[in-house]
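Here is a short report for a first look at this structure. Please keep the view open while reading.

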Amino acid sequence: MKHKEARDLPVNIYETDKLLAEYLLFHYGSADEILPYEFGPGGALDFAVRCVSAGLETFKLPAGARALDLGCAVGRSSFELARRCSSVVGIDFSHRFIEAAQRLRDHGQLSYSRLDEGALCTELIAHVPAEIDRSRVTFEPGDAMNLRPDLGEFDVVLMANLIDRLSEPSRCLERLASLVKPGGRLVITSPYTWLEEFTPRENWLGGQESEGGAITTLQGLTRSLEPNFIFEGATDLPFLIREHSRKFQWSVAQATFWSRR
Ligand SMILES: C[S@@+](CC[C@H](N)C(=O)[O-])C[C@H]1O[C@@H](n2cnc3c(N)ncnc32)[C@H](O)[C@@H]1O
């Protein structure tokens, strides 16, 4: 029998050096550090900041609000939530991302290498904005489809660009009713990039034909969430991930806003 060697095992891309550096730049890089072209899509910068500002724009938070950032990656949105919430929990499946987020919490900064061209890199430092109270934020590894039962309830739950990276997104959606307090806010953003390498096709929330005809992800989300949440609106949030100085991913997430019944 052939033994499965390490090189045959599927790699979690979110544990790699490449993605760690790309996400540190995506979340904490300045406009100059990310996009050295005046003609580039500057409106797609600062996605991790805009997810929070768009999600809470019309929402009045109670004093002492608690927030949960599911799929927090290296944590920028969690820190942004801490501007308006007394405590924030950031959870991600990637141990390396969580370790980086914890170091940013403890030290306020973290050095990393930005890829420029071939093997050429520039050393940069990610900073958490100095005015944010980092002690309000905790990070922990976890699986959004199997969260620990004692997380408690939150006034805000953010899931930014997570659902199309889960093998069973509906398992995560099912848990949301018990995580968001009555009257609380749920913010889901996603470019709906469904790929079978992350999500078996039968588990896609939308983006394919079903018995009743074509179903969009917004329709699928609405079907899943409607029993427990009221749809409050949607907006488009572009975002830009730099791979190297001449290669970028420009995407448009749909952000949807929901209130817990
Ligand atoms: C596309 S990234 C988005 C990260 C971040 N929210 C953002 O908007 O930049 C997807 C994130 O989901 C995390 N993730 C994937 N599967 C997960 C799971 N089962 N539970 C929690 N996080 C998961 C990945 O590690 C990665 O950080």
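Strands (E, at least two residues) and helices (H or I, at least four) are DSSP runs, numbered from the N terminus. Two strands pair if DSSP finds at least two bridges between them.

## Basis

This is a predicted model: local features need pLDDT of at least 70, side-chain atom pairs count only at pLDDT 80 or more, and totals for chains, interfaces and linings use all residues. Residues are numbered from 1 along each chain as its sequence is written.

An open sheet holds 7 strands in the order 5-2-1-6-7-11-10. Its pairing is mixed. Strand 5 (137-141) and strand 10 (229-244) are the edges, and each pairs on one side only. On average, neighbouring strands of the sheet are turned by 15° against each other, direction ignored. Such angles use axes, which are lines fitted to C-alpha atoms, for helices over the stretch in contact; they run from 0 to 180 degrees between N-to-C directions.

## Strands 10 and 11

A hairpin of 2 residues links strand 10 to strand 11. Strand 11 covers residues 247-260, and the two strands pair in the antiparallel sense over 14 bridges. Phe239 stands opposite Ser251 in strand 11. Thr235 has Ala255 of strand 11 as its bridge partner.

Helix 7 (residues 217-225) packs on the sheet. Helix 7 touches strand 7 (180-190), strand 10 and strand 11. Contact means that two C-beta atoms, placed from the backbone, lie within 7 Å. The direction of helix 7 makes about 30° with that of strand 11.

## Helices 1 and 5

Helix 1 (residues 17-28) and helix 5 (residues 95-107) have axes that come within 10 Å and cross at roughly 40°. Helix 1 is therefore oblique to helix 5. Angles under 35 degrees count as roughly parallel, over 145 as roughly antiparallel, 65 to 115 as roughly perpendicular, and the rest as oblique.

Leu20, Tyr23 and Leu24 in helix 1 meet Arg96, Phe97 and Ala100 in helix 5.

## The ligand

The ligand is surrounded by 17 residues (C-beta atom, placed from the backbone, within 6 Å). Tyr14, Gly71, Phe93, Ala144 and Ala160 are the closest.
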